[in-house]
Amino acid sequence: MTIRRWVLHVDLDQFIAAVEVLRRPELTGRPVVVGGSGDPTQRGVVATASYEAREFGVRSGMPLRTAAKRCPDAVFLAADHPAYEEASARVMDTLREFPAVVEVMGWDEAFLEVHTEDPESVAREIQQAVRERTRLNCSVGVGDNKLRAKLATGFGKPAGVFRLTEDNWWPVMGDLPTEALWGIGTKTARKLADLGIGSVRGLAAADPHLLADRLGPTMGPWYRRLARGADTSPVVGTPYVPRSRSRETTFQENLTDWAAVHAQVVLLAARVSEDVRAEGRPAARVGIKVRFAPFVTLTRSVRLPAPTSDPAAIEAGALAALDRFSVEERTNRHGGDRAVRLLGVRAEFAEQAES
């Protein structure tokens, strides 16, 4: 065996639910759902669900009421962001003790670049260290690049280690649907299916000119490279910084007047402005999320004239994004305003918006 470069993807298993179970050991082995106010009779969505709850079909992003119907015996808890941030910080500090470049991707995942002859041994050392320091379990994907390491983690869950490289890419990934690839969602998979492309192998063999024509000159060929497991992006050890700040509100009673929607966007924009100023980085783009009843979500965004932390400019951007919803989109079949159950405002920071 020779020493070579490997990428490890560390992903904490059911992170938020696991943190809650550590705080409440009596919940061990029970289905736990975290999200909203923790009251499934009120509106809100699932932030995460324990593996026991997932067995009943409970998934992140699902309405809490739906989760309660699927798993009526689940324990519902409100999200506690400071607790998760503190637990995540302890995990990432543990990872930084290893001789590796560590790129933090969020609360519950990070890439590590290591040089070793036995990456699985390093992965198991990481799992043991994280477990001893935090009592949390993690899965580790081993790859020859970031894409393959990220995908490998899914095969290792829970609390396992899996290697995915050029050597076993086709046996593992070839016959899987295109949605199995990191970066391809449901909408893109449907577009590929319309072209007769349903598998990773099929996408890898697709005509790049056809993909460029149907999916765009940049994205089309990029999807084909994904299907081949190609990725040259480096593991970057610079400190993790959020790409945006956002605030959203789920209304217990629908807003049925667009003027009320306008007023709530102003309030949310003010809260986001406070977050932007606290971050000390100007915003370059502002986005709006509107969830119409019963559960249709649409988004719009605008680029600001110049990066800014000015509350008035952020509010103006939010309202300009709101104005991008057409009359048809916000009007019901009776000619009145469509009912709105959730609103969100997001400010994207200049560094990411300009990159």
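The following dialogue reads several features of a predicted model.

User: How do helix H4 and helix H5 pack, and at what angle?

Analyst: Helix H4, residues 81-95, packs with helix H5, residues 119-134, at an angle of about 140°, and their axes lie 10 Å apart. Angles over 145 degrees would count as roughly antiparallel and those from 65 to 115 as roughly perpendicular; H4 and H5 are therefore oblique to each other.

User: Is the crossing of H4 and H5 left-handed or right-handed, and which residues make the contact?

Analyst: H4 and H5 cross in the right-handed sense. From H4, the contact draws on Arg90, Val91, Thr94 and Leu95, while H5 supplies Ile126, Ala129, Val130, Arg133 and Thr134. In general, an α-helix has 3.6 residues a turn, so residues three or four places apart point the same way.

User: Over how many bridges do E9 and strand E12 pair, and which residue of E12 stands opposite Glu248?

Analyst: E9 and E12, the latter spanning residues 340-349, are joined in the antiparallel sense over eight bridges. Glu248 has Gly344 of E12 opposite it.

User: Is Thr48 buried or exposed, and what is it in contact with?

Analyst: A residue counts as buried when its relative accessible area is under 20%. Thr48 has a value of 7% and is therefore buried. It is found in strand E3, residues 48-49. Beyond its neighbours within four places in sequence, Thr48 is in contact with Ile16, Ala17, Val32, Val33, Val34, Arg54 and Ser60.

User: How many residues of helix H1 are buried, and what do they pack against?

Analyst: Helix H1, residues 15-23, is mostly covered, with seven of its nine residues buried. Those are Phe15, Ile16, Ala17, Ala18, Val19, Glu20 and Val21. The buried residues of H1 pack against strand E1 (4-12), strand E2 (32-34), E3, strand E4 (75-77) and H4.

Definitions and conventions
Residues are numbered from 1 along each chain as its sequence is written. This is a predicted model: local features need pLDDT of at least 70, side-chain atom pairs count only at pLDDT 80 or more; totals for chains, interfaces and linings use all residues. Side-chain values use heavy atoms; hydrogens and water are left out. Axes are lines fitted to C-alpha atoms, for helices over the stretch in contact, and angles run from 0 to 180 degrees between N-to-C directions. Helices (H or I, at least four residues) and strands (E, at least two) are DSSP runs, numbered from the N terminus. Angles under 35 degrees count as roughly parallel, over 145 as roughly antiparallel, 65 to 115 as roughly perpendicular and the rest as oblique. A crossing is left-handed if the near helix is turned anticlockwise from the far one by less than a right angle, and right-handed if clockwise. Contact means heavy atoms within 4.5 Å. Two strands pair if DSSP finds at least two bridges between them. Buried means under 20% relative accessible area, exposed over 50%, partly exposed in between (1.4 Å probe, protein chains only).
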